[in-house]
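Dear colleague,

Please find the structure below, followed by an account of what was found in it.

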Amino acid sequence: MVNGYAGKYLDVNLTDGSIKTFPTDMDLARKMVGGLTYGLYLLWKRTKPGMNPLGPENLLIVNTGPISGLVGTSRGTAVFKSPLTGLMGHAESGGHWTSELKFAGYDGIVVSGRAEEPIYLYVKDDQAEIRSAKDLWGKTTSQTEQAIVEELKDPFTQVISIGPAGEHLCREACIIHTGWHAFARTGGGCVMGSKNLKAIALRGTKGFPSLADPEKSYELLDNTIAYAQSDAMRQSLWRNRTQGSQASHVSAGDEGRGIFKNFEEGDHPMVSQVGGPRQLARNRVMDAACYLCPVGCLHLSVVRSGRFAGTWGQPDWDSSANLTQQTLVLDLDGLIYLNALCDDYGLDAEGVGGVVAWTMEAYEKGILTKEDLDGLDLTWGNVDAEAKLIWKIIHREGVGNLLADGFKGFLPKVGKGSEKFAMESKGVGFGGYQPWLFKESYAVSNIGGHHNTETPGSYVSNSLLYCVFAGGLMPQGFRSGADYYYALFNAVTGWDFRREDFDTLGTTGVTLGRAYNIREGYGGVMPPSEADTYPEKAHHRLTYGASKGKEYKKEEFLADRAKYYNGMGYDERGVPTKETLKKYGLEFTIKELEKAGAWD
Amino acid sequence: MAVRIPPTPRKQLNPVHMRCTGCRLCEYACVKQHYGNVINPELSRVRVYLMYPGPLAIPIQCSNCMDHPCTEACPVDPPVITYDEKKFIIKVDKERCLGQRCGRCAETCRKERSGAIHYYPPEHDYAIVCDQCDGAGPNGQPDPQCAKACPFNVFFYSSPVGGEGWRYAWPPERIAQDLAERFKPGTAKKRVLPLPSEL
């Protein structure tokens with residue numbers, strides 16, 4: 001039975017242009033479920049160790065889970081070897097493409113090879129074809145989407161595409177859907193660019209796959225929709241519904257967990273100038289939601305006057321915090337503009353914000369001079385200079401060519417102690433929170449400095465594929481959003497997963513990810529504990545406002561990390577023990593890990 | 001000479017386009033009402049378009065036009081697509097409809113109005129048009145389920161002047177441009193993003 005699953009994957013080889021399908025392995029799905037964990041398994045099995053992330057042998061696995069495309073679950077994942085870190089890379093995005101892929105009858109798409117010329121992949125139900133994207137090359141993501149929809153003459157086609165950043169192989173490049181939904185982190189857009197794959201256009205008309213227990217499933221869905229209209233919804237999801245993640249700017253400052261001046265401080269007197277209520281009052285024009293989501297946490301904003309007038313954007317917390325709080329651009333119009341610039345040109349706003357903040361600090365400290373920066377006066381809060389630097393990074397012009405390689409690429413070239421204040425782990429810049437809040441999270445994550453990607457729970461949500469932002473969706477009788485998703489998963493698939501089974505799934509995913517990283521040499525830094533570290537600056541003491549006195553000491557970090565390793569069943573060097581691998585059914589990794597010298 | 005005033009509907013489905021988030025729960029509710037437990041937006045009488053700039057989400061369903069050009073386009077005699085003068089809704093005879101191979105009502109609607117008619121061959125090869133959930137309400141009256149399911153209160157089932165009913169049977173492109181022009185004049189035709197070099 002393939003309840004909830006479409007039952008097959010699309011296997012596209014761009015080198016020889018062949019398009020095949022292969023069935024979803026249901027025995028494996030029982031263990032790995034789908035989404036991220038299943039995608040990681042495919043990545044492990046279908047690639048050889050030590051491959052070049054930008055070579056044709058790398059895979060782009062666009063994947064969904066069994067409950068993707070239902071109420072509060074319209075998310076999907078992209079799994080690949082990251083060009084930014086040289087380790088596993090994954091990114092999730094919501095929107096309307098997940099459901100469209102399932103309606104077309106596929107659980108996911110595995111893209112390999114490299115096309116000679118720019119192309120895009122068009123999937124409509126059982127037909128899939130490779131079409132020329134020569135005219136689309138150079139277009140921004142929003143232009144690409146409009147052009148493809150116009151070409152196909154089907155307004156319901158859903159497109160995921162890359163912008164000029166991905167085409168120029170900027171390693172922070174991301175994949176964008178409907179103008180603002182981003183597969184942001186770890187450089188998925190760069191992988192697509194290296195394959196000359198401009199976009200994937202999806203259209204499905206077959207409807208959602210069969211459900212194991214339709215009555216129970218629809219009862220759950222209907223209860224959730226009814227709940228979404230009740231007052232209870234307004235309480236549990238009030239924040240995301242009215243303000244979205246942008247509300248975090250003010251609350252983060254109030255709690256001392258904001259990120260200002262390249263993580264120098266956790267609070268700022270002018271924080272109320274950006275995000276949250278002020279943005280809603282000045283700039284919000286419409287809200288947006290993913291498919292079948294009654295939350296609608298996205299708030300589309302437009303700049304109405306001034307230099308940036310006419311810019312449409314959908315700033316999100318992590319991205320706008322890194323782009324603007326970090327660089328002290330406390331200008332709401334500038335915030336929306338910089339976000340729109342990154343989204344439209346297909347650049348991970350979160351990652352590039354950290355790079356710009358680092359550059360500003362290096363400029364302040366004299367490590368980089370004005371000549372090094374092509375004459376840009378990168379002082380804190382200079383929005384013009386920041387926009388110009390981002391433009392250079394997107395197009396790899398001048399200093400942008402250096403910075404487009406990501407932290408891992410440019411830090412050794414710059415040197416002079418600049419790595420001490422490079423707020424990154426394994427090449428990926430930190431998310432929008434202070435390290436004292438997320439503890440060892442940034443350091444031990446499989447993909448580098450991103451929050452909520454190191455826990456088994458995050459692998460569960462990314463494998464079933466539900467949205468944690470819609471976690472307030474709790475129909476009658478459920479104590480938490482996760483309980484609703486778990487019940488929905490069981491009703492849809494007909495399996496009887498209990499809480500401990502989900503925990504096992506999560507730990508399996510995290511451990512498989514770590515095993516993959518060790519197989520790839522952990523980015524040249526072995527053993528893993530040598531790479532699972534923080535830069536010196538992450539341990540400094542905050543001094544201003546609500547963040548005064550907050551500190552994440554190195555000893556504390558080492559203790560937390562040891563606790564994490566222990567809890568996950570890893571040894572003190574961060575390598576999963578053989579017993580752990582066997583316990584989670586990952587015996588197939590042992591041989592290759594021995595070859596990589598994991599336990600030497 | 002007495003002027004004959006045509007009968008006007010008491011209630012009509014009026015969307016407030018500005019409120020739509022594009023969650024498409026209306027499509028879910030519509031399909032559920034008409035076909036039971038199925039999730040397939042292709043069968044929905046209301047379709048949500050994502051239109052640039054933005055993209056903005058624009059819900060489109062049959063406006064049950066009082067002059068109903070689609071009924072005049074029907075080649076079958078008597079027409080399979082008709083206007084119910086008492087309930088003020090469009091009705092389709094599923095059995096006799098020629099479906100997509102004819103497609104004249106959909107074509108007329110697309111050319112002259114919002115383009116709210118489509119087909120789903122081969123299983124449901126007839127004009128799929130909003131009937132305002134005829135029969136779902138008390139005493140067999142219409143009761144649109146999309147209006148009930150919408151978490152953002154986009155649809156008003158009210159008198160014709162409610163909501164933004166003055167955007168009467170406009171196609172989605174025109175509604176998106178109208179909205180964009182209201183939000184920020186000059187952005188309707190193309191997305192304006194100043195280049196950094198122009199700052």
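Chain A is divided into three parts: domain 1 (8-209), domain 2 (243-429) and domain 3 (435-453 + 504-595), with bounds taken from an automatic or database domain assignment. This is a predicted model, in which local features need pLDDT of at least 70 and side-chain atom pairs count only at pLDDT 80 or more, while totals for chains, interfaces and linings use all residues. Residues are numbered from 1 along each chain as its sequence is written, and chains are lettered from A and ligands numbered from 1 in the order in which they are written.

The C-alpha centres of domain 1 and domain 2 of chain A are 26 Å apart. Their contact (C-beta atoms, placed from the backbone, within 7 Å) draws 34 residues from domain 1 of chain A and 27 residues from domain 2 of chain A. On the domain 1 side, helix H4 (141-152) and helix H5 (164-167) of chain A are the elements that give two or more residues; helices are DSSP runs (H or I, at least four residues), numbered from the N terminus. H5(A) gives the most, with three residues.

A helix pair may also be of interest. The axes of H12 (residues 317-325) and H13 (residues 332-345) of chain A come within 10 Å and cross at roughly 115°; axes are lines fitted to C-alpha atoms over the stretch in contact, and angles run from 0 to 180 degrees between N-to-C directions. Ser319(A), Ser320(A), Leu323(A) and Thr324(A) of H12(A) meet Gly334(A), Leu335(A), Leu338(A) and Asn339(A) of H13(A).

Yours sincerely

Technical notes
Two residues are in contact if their C-beta atoms, placed from the backbone, lie within 7 Å.
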